[in-house]
Amino acid sequence: MIRYLLEPCFMMYDNALAKADNDKSKIEFIEPSIQTAHLEAMSKRRWEWIRVGFNNNVRGCSREDAQRLYQLVDNIPNLFKFRLHNHLSEPRAITFSISALQSLDAKHQEDLERILRIARRAQILFMRPSTAKDEGRQDDYYTFDRLLWVDRGLDPVGQNARVSIEARFLWEAAFENKAIPTSSSEKKDRAKDIAIHPDLFKELGQ
C-alpha cells in the first residue's frame with residue numbers, strides 16, 4: 001500500500017522537476033494539474049492491465065478468471081456512483097462487505113472466493129475486519145485499489161461509508177456481467193426528492 005502512495009508521488013515530482021529545469025529549489029509544491037494528469041493516466045493504465053494482461057502477471061489466475069475479475073470490478077463503481085447521487089444518509093462509499101452467503105450454493109461460493117483471493121493476491125483488493133453496525137459483530141470489509149476509482153469519476157479520498165452487497169449479486173456481476181441492483185429504499189428516496197424539488201433536479205440535468 002505504501003508503494004501505491006510513493007509511485008504517483010515519484011512521477012508527479014519527476015514531472016514537476018522537469019518543468020523546473022531540474023532545479024529542485026524551484027519546486028515549492030506540485031501543481032494540481034500535474035497531480036490530476038498523473039492520477040488519471042495511472043488509473044487508466046490500471047484498468048487496462050486488469051482488462052488485458054492481468055492473468056499474465058498474477059499467479060494462479062486463468063484468462064477466464066481475469067475476465068470475471070474485470071467484470072466484478074467494472075460493475076461495483078456503478079453501484080457506488082448510484083449511491084452518490086441517490087442515497088440520502090451515507091452516499092459516499094468505496095468499501096463493501098458481503099452478506100447473505102447462503103444465497104449461493106457451495107460451488108458458487110467457492111468460485112466467488114477464488115476471484116476475491118486472486119484480487120487480494122494481486123494487491124488490487126484489500127480486506128480488513130471491522131465492527132459491523134448491527135450488534136457489534138465483526139465483519140470483513142473489502143476495498144479495491146482506490147486508484148481505480150479516479151477513472152470512474154469517484155473521489156478515492158474521504159469516503160468512509162460501507163455498502164453491504166449480497167454474495168449472489170457479486171457472483172452475478174463477476175460471472176454473468178450483471179449490474180449490481182440498488183435497494184428499493186434508495187430508489188424511493190430518489191423519487192421522493194424529485195417530487196419535492198423537481199425544478200432543482202431539472203436544472204441539474206438529472
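These legends walk through a few close-up views of a predicted model. Local features need pLDDT of at least 70 and side-chain atom pairs count only at pLDDT 80 or more, while totals for chains, interfaces and linings use all residues. Residues are numbered from 1 along each chain as its sequence is written, and side-chain values use heavy atoms, with hydrogens and water left out.

View 1. Thr95 is buried at 4% relative accessible area (buried is under 20%, exposed over 50%, partly exposed in between, with a 1.4 Å probe and protein chains only). Setting aside neighbours within four places in sequence, its contacts (heavy atoms within 4.5 Å) include Phe80, Tyr141 and Arg162. Thr95 and Arg162 are 67 residues apart in sequence, yet their C-alpha atoms are 5.0 Å apart.

**View 2. Phe54 in the largest nonpolar core.** A nonpolar core is a set of buried Ala, Val, Leu, Ile, Met, Phe, Trp, Tyr and Cys residues joined through side-chain atoms within 4.5 Å. This one has 42 residues, and Phe54 is among those touching the most other members. Helix H3 (63–86) is one of the elements supplying at least two core residues; its 8 residues are the largest share. Look around Phe54 and you'll find Trp49, Cys61 and Ile118 among the residues it touches, not counting those up to four places away in sequence.

**View 3. Two cysteines, Cys9 and Cys61.** Cys9 is partly exposed at 37% relative accessibility, whereas Cys61 is buried at 8%.

Conventions:
Helix = DSSP H or I, 4+ residues; strand = E, 2+ residues; numbered from the N terminus.
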